[in-house]
Amino acid sequence: MEKTKLPYRTVSNRLKWSRLATFFGFFQLGAVIVMWSTSTTSLRFSLGWEGDDGDASFGSLAFALGLGFAIGCAVSGPLIDKWGCRNIAIPSLTVYPLMYIPLAFLDGMIGLLAFGLLAGTLRGFVDIVINVNGVQLERHYGRPIISSFHAAYPAGGFLFGLVGSAFARSFTESAVVPFLAMGLTMSALGYVFGRMYLRRDEEIVPAAHPVPAGVRKSEEHSKSNDAKYAGLAVMVGFGLLAFVSYLAENATYDWGQEFVRRTLDTTAGTAALAVTVFSGSQFVGRMLGDKLTERFGQKAVICGSGVIGALGAACMMTAVSPVQALLGFGLVGLGVSCIVPIMLSAAGRMDPQNSGRNIGLVNAVGVTGMFLGPAAITTVVDRMGIEWMPLLPLVLLALIAIAGPILVRKAPRFTATVQSESAVESIRS
């Protein structure tokens, strides 16, 4: 997409409240995930999964959550396209936080895996509906705003990480209290904010192009199928770029602390700063992402993201001091911060009538990085040594700098073309 320079539109309070509700959706997603993460030690204690003997059982539960997430991303999109964001957001934002509570009470593996799969599926529903609503709001605003939504995710994680850490110190033998506190609070707020999402009749849908005279229906159908398959191929390409971003992110969270500690012989406390620096720079990058995209265009931002991320990985791999390593983690955080938001925004604009399906497909492909990424990084570490851990993110982020601009150019510009401008004028003014 070329450089975007559009006058800001005046929007109604209805759209502003829906925008706030979208921020909350990302905040909720980050808050719930980090509350889960900070409560795993107490959960494992209550289930008798302590130490090495419990790793396989906990790994199975974590896999069920991840598998459900991918399933939820894939199946929720068409439902959102059919029923609208509001009808999916209300039950999803309300029920999702409650799905972790049974995990604190159950002890049978089948029940735990079933609720883990269900919790992950609802997480996928929340993830897609908040992104689709964000893309719809971009159409109303006529400019990029999706990256700032994604910034609310690490913000929710940071704030509830502090709360979760306090719970973890006080409740060491059970996750009942943190799961109840998080679940009930986030559920109540989810219901309130879910009602602010856009209804189906409030969405902007581009006008259908009339079929020129003399064009046969068979020709029209053939061209339509060709365009559909080409569009799906582009969605898979977007998903692969998101995959790289997720892989680099998970490599940092899974191996960052150990990489700094072992390659530079630092203390665990100093090494832990790697994840903190990465998260902080990712938050900053997403806060700046919309303005940068508006000023320079998506092609330039994607290319710059890949270059900055690759330089950060190279900086990590050649680090001779903790400061250089932390600088590398910061650059990687900046590099990956805007890749997924831009991919999802582009996917939503490619075919507005099926934006839910497209965003779901891109994210479903992308989140497989959470499954394959750890295995790929582990293979590199086992065969080449932990000092080579950043090699895979370096290569893949460099590929993003090359392939990303080629793919994202296929997404249409931010325009005001709608099916009926008067149909949505009531919520703009």
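**What lies behind the labels**

Q: Why is M287 called partly exposed?
A: M287 has a relative accessible area of 44%. Buried means under 20% relative accessible area, exposed means over 50%, and partly exposed is in between, with a 1.4 Å probe and protein chains only. The value for M287 falls in between, so M287 is partly exposed.

Q: Before we go on, what kind of model is this, and how are residues numbered?
A: This is a predicted model, in which local features need pLDDT of at least 70 and side-chain atom pairs count only at pLDDT 80 or more, while totals for chains, interfaces and linings use all residues. Residues are numbered from 1 along each chain as its sequence is written, and side-chain values use heavy atoms, with hydrogens and water left out.

Q: Where does M287 sit, and what surface feature does M287 belong to?
A: M287 is in helix α9. Helices (H or I, at least four residues) and strands (E, at least two) are DSSP runs, numbered from the N terminus. M287 is also part of a nonpolar surface patch, together with F283, V284, L288, L292, F296, I308 and L334.

Q: What makes these residues a patch?
A: Patches are made of residues with over 30% relative accessible area and no salt bridge; nonpolar side chains (Val, Leu, Ile, Met, Phe, Trp, Tyr) are joined within 5 Å, and like charges within 9 Å. M287, at 44%, is over the 30% limit. Together the patch residues have about 670 Å² of accessible area, a value that comes from the Shrake-Rupley method with a 1.4 Å probe, where for residues only the protein chains shown count as cover. Helix α9 gives the largest share, six residues.

Q: What makes Q136 buried, and what does Q136 touch?
A: With 1% relative accessibility, Q136 is under the 20% limit, so Q136 counts as buried. Q136 lies in helix α5 (residues 109-141). Leaving out residues up to four places away in sequence, Q136 touches L198, E203, I204 and S355, where contact means heavy atoms within 4.5 Å.

Q: What joins R14, R199, D201 and E202 into one network?
A: R199 forms a salt bridge with D201 at 3.1 Å between the closest N and O atoms. R199 also forms a salt bridge with E202, with those atoms 3.2 Å apart. Salt bridges that share partners join R14, R199, D201 and E202 into one network. The count of salt bridges comes to four.

Q: Why are α11 and α12 called roughly parallel?
A: Helix α11 (residues 322-337) and helix α12 (residues 339-350) pack at an angle of about 5 degrees, with axes 5 Å apart. Angles under 35 degrees count as roughly parallel, over 145 as roughly antiparallel, 65 to 115 as roughly perpendicular and the rest as oblique. The angle is under 35 degrees, so α11 is roughly parallel to α12. Axes are lines fitted to C-alpha atoms, for helices over the stretch in contact, and angles run from 0 to 180 degrees between N-to-C directions. The contact is made by G335, V336 and S337 of α11 and I339, V340 and P341 of α12.

Q: What makes G369 buried?
A: G369 has a relative accessible area of 0%, which is under 20%, so G369 is buried. G369 is in helix α14 (residues 369-384).

Technical notes. Salt bridge = Lys/Arg side-chain N within 4 Å of Asp/Glu carboxyl O.
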